[in-house]
Amino acid sequence: LAPKPLGLAAGPLALYLYNQSVVSPDDPVVDTADMIAHMMAYKRPDDTDEAGFQKKIRAAIKALEDAAIIKPVKGTSRYIIYGVITAILTAEQVAVLDERYKAIARGEVAHAADGGTDGEWGEDDDA
């Protein structure tokens, strides 16, 4: 079976985790609050549904957990970032994807180029 796609919201979160693992390779741990705070930068200014956006972020965290990219530390709100993240993404891919997600957050991505979405996280991220 092919792996399940992570979804649009998990992409920038995976980039964040990649950066965290590169910065702290000996202690690749991240807190849920830090992941949410990072992802809030991608919330469009005209999006007034903060609770809904945070729900999508939590779904992205779960998708990364299900994909064995992160593992929860029992009894905490922290996650261990598995080293596989650096094998999944190269530095060049990180730079390209980071700029793409920033453009989506700014609302600069056209409908056709964005697969028909308006720059919001896709419905598949709610699962």
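## Briefing on a predicted protein chain

Among contacts in the protein chain between residues at least 6 apart in sequence, 62% join residues at least 24 apart; contact means heavy atoms within 4.5 Å. The model is predicted: local features need pLDDT of at least 70, side-chain atom pairs count only at pLDDT 80 or more, and totals for chains, interfaces and linings use all residues. Residues are numbered from 1 along each chain as its sequence is written, and side-chain values use heavy atoms, with hydrogens and water left out.

**Overall make-up**

- The protein chain has five helices and three strands, where helices (H or I, at least four residues) and strands (E, at least two) are DSSP runs numbered from the N terminus.
- Read from the N terminus, the order of elements is α-β-α-α-β-β-α-α.
- The protein chain has 127 residues, of which 37% count as buried; buried means under 20% relative accessible area, exposed over 50%, and partly exposed in between (1.4 Å probe, protein chains only).
- Its accessible surface comes to about 7,400 Å², and 56% of this belongs to carbon and sulfur atoms; accessible areas come from the Shrake-Rupley method with a 1.4 Å probe, and for residues only the protein chains shown count as cover.

**Helix α2 and its cover**

- Helix α2 spans residues 32-40, and T32, M35, I36 and M39 are buried in this helix.
- These residues lie on the same side of α2, because they cover an arc of only 95° around the axis; the arc is that of the directions from the helix axis to the C-beta atoms.
- The buried residues of α2 are covered by elements including α1 (10-23), β1 (29-31), α3 (50-66) and β3.
- D31 caps the N-terminal end of α2, with a side-chain oxygen 2.9 Å from the backbone nitrogen of A33.
- A polar contact is a pair of N or O atoms within 3.5 Å; within protein, one must be able to donate a hydrogen and the other to accept it, and residues adjacent in sequence count only if both atoms are side-chain atoms.

- S21 is located in helix α1 and is buried, with a relative accessible area of 9%.
- Apart from neighbours within four places in sequence, S21 is in contact with P28, I81, I85 and T86.
- P25 sits in the loop between α1 and β1 and is exposed, at a relative accessible area of 57%.
- The C-alpha atoms of P25 and I81 are 9.3 Å apart in space, while the two residues are 56 residues apart in sequence.

**Nonpolar surface patch**

- I80, Y82, V84 and I88 form a nonpolar patch on the surface, with about 290 Å² of accessible area together.
- Patches are made of residues with over 30% relative accessible area and no salt bridge; like charges are joined within 9 Å, and nonpolar side chains (Val, Leu, Ile, Met, Phe, Trp, Tyr) within 5 Å.
- I80 belongs to strand β3 (residues 78-81) and is partly exposed, with a relative accessible area of 33%.

**Salt bridges**

- The count comes to two salt bridges, a salt bridge being a side-chain nitrogen of Lys or Arg within 4 Å of a carboxyl oxygen of Asp or Glu.
- R44 forms a salt bridge with D46, and the closest N and O atoms are 3.3 Å apart.
- R44 counts as buried at 16% relative accessibility, whereas D46 is exposed at 54%.
- D46 is placed in the loop between α2 and α3.
- K62 forms a salt bridge with D66, and the closest N and O atoms are 2.8 Å apart.
- Both K62 and D66 lie in helix α3, four residues apart, which is about one turn of the helix.
- K62 counts as partly exposed at 42% relative accessibility, and D66 counts as exposed at 53%.

**Backbone at A68**

- A68 has a positive phi of about 60° although it is not a glycine.
- A68 lies in the loop between α3 and β2 (70-72) and counts as partly exposed at 42% relative accessibility.
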